[in-house]
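Q: I would like to learn how to read a protein model feature by feature. Could you take me through one, giving the general idea and then the case at hand?

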Amino acid sequence: MRDVLAGAWSRGRRFERFCYGLAAVLACAGLFHLAVFAVDGGPWYGPVSWRKPATFGLSFGLTLAAVTWVTRYLPIGERGRALLLGVFAADCVVEVGGITLQAWRHVPSHLNRETPFDSAVSTVLAAGGGVLIVVLGVLAVSAFRPNPKLPASTRLGLRAGFVSLMIGLATGAAMIARGAAEVGAGRQQQAYHDLGFLKPVHGVSLHGILVLPALAWLSSRTAWDKARRTRVVAIAAGGYGLAIAVALAYSLLR
């Protein structure tokens with residue numbers, strides 16, 4: 001039994017390293033496209049821009065690394081964790097790959113129904129967004145399950161991080177839904193214009209899953225007592241929530 005458990009742990013660690021490596025590849029792809037933008041120029045905003053593969057590569061790389069790390073603290077088995085991380089990692093590659101492909105073709109990636117191929121890419125990206133919501137939603141639910149093995153500050157950081165992440169996913173889905181409604185009404189160019197109306201709050205909230213658990217981890221390395229660590233993480237979570245609210249207000253009022 002000990003050998004079986006040791007083997008499972010070793011396989012889990014190898015898969016974890018693979019996810020971290022893949023996250024690094026995605027982030028490097030984002031940095032590469034920043035360099036492409038610096039050389040090639042072009043608009044930074046708009047549906048056809050080097051900004052999209054740059055920001056999506058960096059964002060998905062950071063998120064994959066963060067999710068791989070925080071799932072170590074969730075009350076799920078190694079097999080379930082590997083399955084969810086595997087689906088999530090594959091989806092990250094599909095999303096960044098589709099956006100990058102369309103950027104090099106100099107056509108919009110989302111809501112593009114101009115040709116059958118463009119429509120297929122857009123559909124795959126939209127379906128990938130649905131997979132993200134399901135997989136990360138399952139992980140978010142597990143973060144709220146009782147887990148007395150973890151300090152209260154760590155549990156709070158994980159839960160607040162996943163709440164922030166789910167807000168990011170919800171705002172992303174809202175942007176796609178609004179754009180799809182515009183396309184359905186025959187207003188294709190308006191759909192491209194409206195697609196990013198929640199972009200500020202979307203960007204801020206997505207990365208709470210990295211910031212808040214990391215703060216909880218750092219606080220656990222201090223000499224503070226448990227109550228103070230929990231209080232610090234709670235204040236940080238409240239501050240991050242305020243930042244999300246401000247970004248949402250800015251998105252809706254601008």
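A: Let us begin with Glu78, which is partly exposed because its relative accessible area is 35%, where buried means under 20% relative accessible area, exposed means over 50%, and partly exposed lies in between, computed with a 1.4 Å probe and protein chains only. This is a predicted model, in which local features need pLDDT of at least 70 and side-chain atom pairs count only at pLDDT 80 or more, while totals for chains, interfaces and linings use all residues. Residues are numbered from 1 along each chain as its sequence is written, and side-chain values use heavy atoms, with hydrogens and water left out.

Q: How many salt bridges does the structure have, and what counts as a salt bridge?

A: A salt bridge is a side-chain nitrogen of Lys or Arg within 4 Å of a carboxyl oxygen of Asp or Glu. By this rule the count here is 5 salt bridges. One of them joins Arg81 to Glu78, with the closest N and O atoms 3.9 Å apart. Both of these residues lie in helix 3, 3 residues apart, about one turn of the helix, where helices are DSSP runs of H or I with at least four residues, strands are runs of E with at least two, and both are numbered from the N terminus.

Q: With which residue does Arg81 form a salt bridge whose closest N and O atoms are 2.7 Å apart?

A: That partner is Glu16. The pair links distant parts of the chain, since Arg81 is in helix 3 and Glu16 is in helix 1 (residues 2–40), 65 residues apart. Arg81 counts as buried because its relative accessible area is 6%, and Glu16 is buried as well.

Q: Which residue forms a salt bridge with Arg187, and which residues are joined into one network?

A: Arg187 pairs with Glu182, the closest N and O atoms being 2.6 Å apart. Salt bridges that share partners join Glu16, Arg72, Glu78 and Arg81 into one network.

Q: How should I read a pocket, and what is the volume of the largest pocket?

A: The search runs on a 1 Å grid over the protein atoms alone: a pocket is an open set of points with protein on both sides within 12 Å along at least five of seven lines, a cavity is a set of points where a 1.4 Å probe fits but cannot get out, and lining residues have an atom within 4 Å of a point. Grid points are joined across faces, edges and corners, and a volume is the space filled by probe spheres set on the points. Here the largest pocket has a volume of about 1300 Å³. Its lining has 43 residues, of which Phe56, Met175, Gly196, Lys199 and His202 lie nearest the centre. Among the elements that give two or more residues to this lining are helix 4 (116–143), helix 5 (152–184) and helix 9 (226–253), but helix 2 gives the most, with 8 residues. By class, the lining of the largest pocket has 22 nonpolar, 14 polar and 7 charged residues, where Ala, Val, Leu, Ile, Met, Phe, Trp, Tyr, Cys and Pro count as nonpolar, Asp, Glu, Lys and Arg as charged, and the others, Gly among them, as polar.

Q: How many cavities of 30 Å³ or more does the structure hold?

A: There are 2. The largest cavity has a volume of about 40 Å³, and its lining includes Tyr73, Arg145, Asn147 and Arg159. Helix 5 gives the most to the lining of the largest cavity, with 3 residues, and this lining divides into 6 nonpolar, 1 polar and 3 charged residues. The second largest cavity holds about 30 Å³ of space, with Pro47, Lys52, Ile99 and Gln102 among its lining residues. The largest share of that lining, 3 residues, comes from helix 3.

Q: Where is Ser220 found, and is Ser220 buried or partly exposed?

A: Ser220 lies in helix 8 and counts as partly exposed because its relative accessibility is 28%. The C-alpha atoms of Ser220 and Val36 are separated by 41 Å, the two residues being 184 residues apart along the chain.
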